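My notes follow in the order in which I worked.

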Amino acid sequence: MTEIRIPEYDIDPQFIKRWSPRAFTGEPIADATLLSFLEAARWAPSSYNSQPWRFVYAKNGTEHWPRFLGLLSEFNQSWAHNASALVILLSKKTFVPPGKTDAIPATSHAFDTGAAWANLALQASLSGWGTHAIGGYDKDKARQTLGIPEDYALEAAIAIGKQGDKALLPAGLQEREEPTPRRPLAELVAEGGFAFA
Ligand SMILES: Cc1cc2nc3c(=O)[nH]c(=O)nc-3n(C[C@H](O)[C@H](O)[C@H](O)COP(=O)(O)O)c2cc1C
């Protein structure tokens with residue numbers, strides 16, 4: 001696997017080391033550990049420093065856990081039930097510009113919140129924890145169950161846990177439990193103007 005994870009240019013190894021496992025041990029996560037990942041997230045850049053990200057979470061084994069796990073698709077529940085925490089990542093769709101009193105639509109709430117997710121994932125990886133973003137969940141049910149106002153977009157669910165043996169996974173997922181490659185940089189970058197297939 002390592003041969004498909006070689007950067008083309010010199011970068012910090014943290015970017016290659018992070019990946020999204022599905023096999024988690026289910027062990028408890030301390031509040032201070034979980035909050036340190038969200039702390040990293042809140043230092044992300046955002047338009048006007050509007051900080052549109054919000055995090056609603058449940059830890060495995062708490063009274064909240066079944067409600068959060070029950071939001072995920074059947075497929076995602078089949079592995080995420082062993083996560084230590086689930087975070088629902090929200091973004092606020094309006095903000096009050098500096099010096100103004102009225103809220104206006106935020107044009108980059110999703111973009112900014114994606115940056116917060118990347119910070120979260122990298123901090124968790126640096127701390128020896130795994131994260132896995134999840135788009136396969138019932139957003140309408142989440143909005144209703146968690147009481148999320150219309151002014152907030154649901155961006156993703158995030159499973160957080162200590163990586164475990166892939167034998168913990170359902171049979172069909174065990175062979176998929178490995179880091180993925182990336183497209184060559186040349187397919188993604190163009191100098192001077194759009195030049196992609
Ligand atoms: C917004 C978003 C939604 C995703 N949804 C799911 C999902 O529903 N189920 C799943 O197993 N993985 C999901 N993933 C994980 C991606 O498949 C994974 O990040 C991608 O293949 C790259 O692999 P890596 O994170 O290991 O580098 C999602 C990732 C993102 C960023």
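**Notebook: loop, core and helix pair**

I began with Gln51, which has 19 other C-beta atoms within 10 Å and is therefore partly exposed; on the scale I used, 20 or more such atoms make a residue buried, 12 or fewer make it exposed, and anything in between is partly exposed, with C-beta atoms placed from the backbone. The model is a predicted one, so I kept to its limits: local features need pLDDT of at least 70, side-chain atom pairs count only at pLDDT 80 or more, and totals for chains, interfaces and linings use all residues. Residue numbers start from 1 along each chain as its sequence is written.

Gln51 sits in the loop between helix 2 and strand 1, where helices (H or I, at least four residues) and strands (E, at least two) are DSSP runs numbered from the N terminus. I noted that its phi is near 50 degrees, a positive value in a residue other than glycine. Tyr48 lies in the loop between helix 2 and strand 1, and its phi is near 60 degrees, also positive in a non-glycine residue. I wrote beside this that most residues other than glycine have a negative phi. Tyr48 has 13 C-beta neighbours inside 10 Å and so counts as partly exposed.

Next I turned to the largest nonpolar core, which has 34 residues, those with the most contacts inside it being Leu86, Ala157, Ile158 and Ile160. A nonpolar core here is a set of buried Ala, Val, Leu, Ile, Met, Phe, Trp, Tyr and Cys residues joined through C-beta atoms within 7 Å. Two or more residues come to this core from each of helix 2 (31-42), strand 1 (53-59), helix 4 (74-80), strand 2 (85-92), helix 5 (109-126) and strand 6 (152-161). Setting aside neighbours within four places in sequence, I found Ile160 in contact with residues including Ile29, Leu34, Phe37, Val87, Ala124 and Trp129, a contact meaning C-beta atoms, placed from the backbone, within 7 Å.

How do helix 2 and helix 5 pack? Their angle is about 140 degrees and their axes are 7 Å apart, the axes being lines fitted to C-alpha atoms over the stretch in contact, with angles running from 0 to 180 degrees between N-to-C directions. Helix 2 and helix 5 are therefore oblique to each other, since angles under 35 degrees count as roughly parallel, over 145 as roughly antiparallel, 65 to 115 as roughly perpendicular and the rest as oblique. I listed Ser36, Phe37, Leu38, Ala40, Ala41 and Arg42 on the helix 2 side of the contact, and Ala116, Trp117, Asn119, Leu120, Gln123 and Ala124 on the helix 5 side.

Glu39 is also in helix 2, and its 13 C-beta neighbours inside 10 Å make it partly exposed. From Glu39 to Asn119 I read 9.0 Å, C-alpha to C-alpha, across 80 residues of sequence.

Tyr152, in strand 6, touches Arg54, Leu90, Ser91, Lys92 and Lys93 when residues up to four places away in sequence are not counted; with 18 C-beta neighbours inside 10 Å, Tyr152 counts as partly exposed. Tyr9 lies in the segment before helix 1 (14-17) and is exposed, with 5 other C-beta atoms within 10 Å. Between Tyr9 and Glu74 the C-alpha distance is 39 Å, at 65 residues apart in sequence.

Technical notes:
Two residues are in contact if their C-beta atoms, placed from the backbone, lie within 7 Å.
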